[in-house]
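Here is a short briefing to read alongside the model. Keep the viewer open, and take the topics in any order you like.

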Amino acid sequence: MKPRFEVLVGIKNILNAEIIRRFGLIEQIKPIAIATILDPRFRNLNFNDAIACSNAMAELRKLLKPDFSSSESEGEVVPSNSDGYDFWAPHKQLALGQKKKKSLSYVNDELSLYFSNTVSPLKSNPLMLWEDMKTVFPMLYKQARKSFTMVATSVPSERLFSKAGGVITKTRNRLTGSRLEKILLLADLPEDQWF
């Protein structure tokens with residue numbers, strides 16, 4: 001009985017070491033970390049590495065910053081002087097700086113308000129939760145929609161390769177790529193769309 005237990009402990013240790021080797025630094029991958037932060041069920045609770053969490057939050061703040069590279073304000077056209085001197089340039093710079101401060105404080109307020117809310121239940125759908133919260137957190141909502149589009153598995157591509165392998169056989173090895181694409185598209189259509 002003792003050797004079996006030692007074998008099981010050895011298998012457990014090997015599996016644990018492989019999981020750590022493959023997924024140990026997953027918090028360092030910024031898109032995954034940002035998606036975790038934007039998931040209302042998890043936020044920043046499950047991070048083991050505080051530095052990875054703060055890096056992801058800093059990257060999220062960068063993504064939420066509005067673009068000030070355009071003119072001083074929306075719709076305002078800055079007239080150009082032929083001599084190159086603008087009497088109001090210092091005022092415009094101060095006004096632009098004040099606008100930047102307001103927008104950046106709004107970003108920080110939106111993030112701090114998001115983190116001050118309670119965590120959602122695990123069985124809830126994060127996309128539905130964000131649909132409910134989009135009026136409260138409009139900037140975070142846009143970023144969440146971008147972050148949640150990642151495909152977590154390679155199953156769809158593997159399924160497509162399997163179907164393509166079934167179409168191209170030894171006797172049908174001269175199919176062109178465009179013809180194969182059309183066959184795979186037609187094979188994937190539901191029956192109600194054939195009529």
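From the N terminus on, the elements of the protein chain run α-α-α-α-α-α-α-α, giving eight helices and zero strands. Helices (H or I, at least four residues) and strands (E, at least two) are DSSP runs, numbered from the N terminus. This is a predicted model, in which local features need pLDDT of at least 70 and side-chain atom pairs count only at pLDDT 80 or more, while totals for chains, interfaces and linings use all residues. Residues are numbered from 1 along each chain as its sequence is written, and side-chain values use heavy atoms, with hydrogens and water left out.

**The chain as a whole**

- Of the 195 residues in the protein chain, 21% are buried (under 20% relative accessible area; exposed is over 50% and partly exposed in between, with a 1.4 Å probe and protein chains only).
- Among contacts (heavy atoms within 4.5 Å) with a separation of 6 or more, 59% join residues 24 or more positions apart.

**H5 against H6**

- Helix H5 (residues 126-133) packs on helix H6 (residues 138-147) at an angle of about 155 degrees, and their axes are 10 Å apart.
- Axes here are lines fitted to C-alpha atoms, for helices over the stretch in contact, and angles run from 0 to 180 degrees between N-to-C directions.
- H5 and H6 are therefore roughly antiparallel to each other (angles over 145 degrees; under 35 is roughly parallel, 65 to 115 roughly perpendicular and the rest oblique).
- From H5, the contact uses Leu 127, Trp 130 and Glu 131, and from H6 it uses Leu 140, Tyr 141, Ala 144 and Arg 145.
- By class, the residues of this contact of H5 with H6 are five nonpolar, no polar and two charged (Ala, Val, Leu, Ile, Met, Phe, Trp, Tyr, Cys and Pro count as nonpolar, Asp, Glu, Lys and Arg as charged, and the others, Gly among them, as polar).

**H3 against H6**

- The axes of H3 and H6 come within 10 Å and cross at roughly 110 degrees, which makes H3 roughly perpendicular to H6.
- Leu 60, Leu 63 and Leu 64 of H3 meet Met 139, Leu 140 and Gln 143 of H6.
- The contact of H3 with H6 has five nonpolar residues, one polar and no charged.
- Leaving aside neighbours within four places in sequence, Gln 143 is in contact with Leu 38, Leu 60, Leu 63 and Leu 64.

**Aromatic residues**

- The structure holds four aromatic pairs (rings of Phe, Tyr and Trp, its six-membered ring, with centres within 6.5 Å; planes under 30 degrees apart are stacked, over 60 edge-to-face and the rest tilted).
- Tyr 114 and Phe 137 make an edge-to-face pair, 5.7 Å centre to centre with 85 degrees between the planes.
- Tyr 114 lies in helix H4 (residues 89-116) and Phe 137 in the loop between H5 and H6, so the pair ties together parts that are 23 residues apart in sequence.
- Tyr 114 and Phe 137 are both buried.
- One aromatic cluster is formed by Tyr 114, Phe 115, Trp 130 and Phe 137.

**A backbone detail at Arg 43**

- Arg 43 sits in the loop between helix H2 (30-38) and helix H3 (50-64).
- Its phi is near 50 degrees, a positive value in a residue other than glycine.
- Most residues other than glycine have a negative phi.
- Arg 43 counts as buried because its relative accessibility is 3%.
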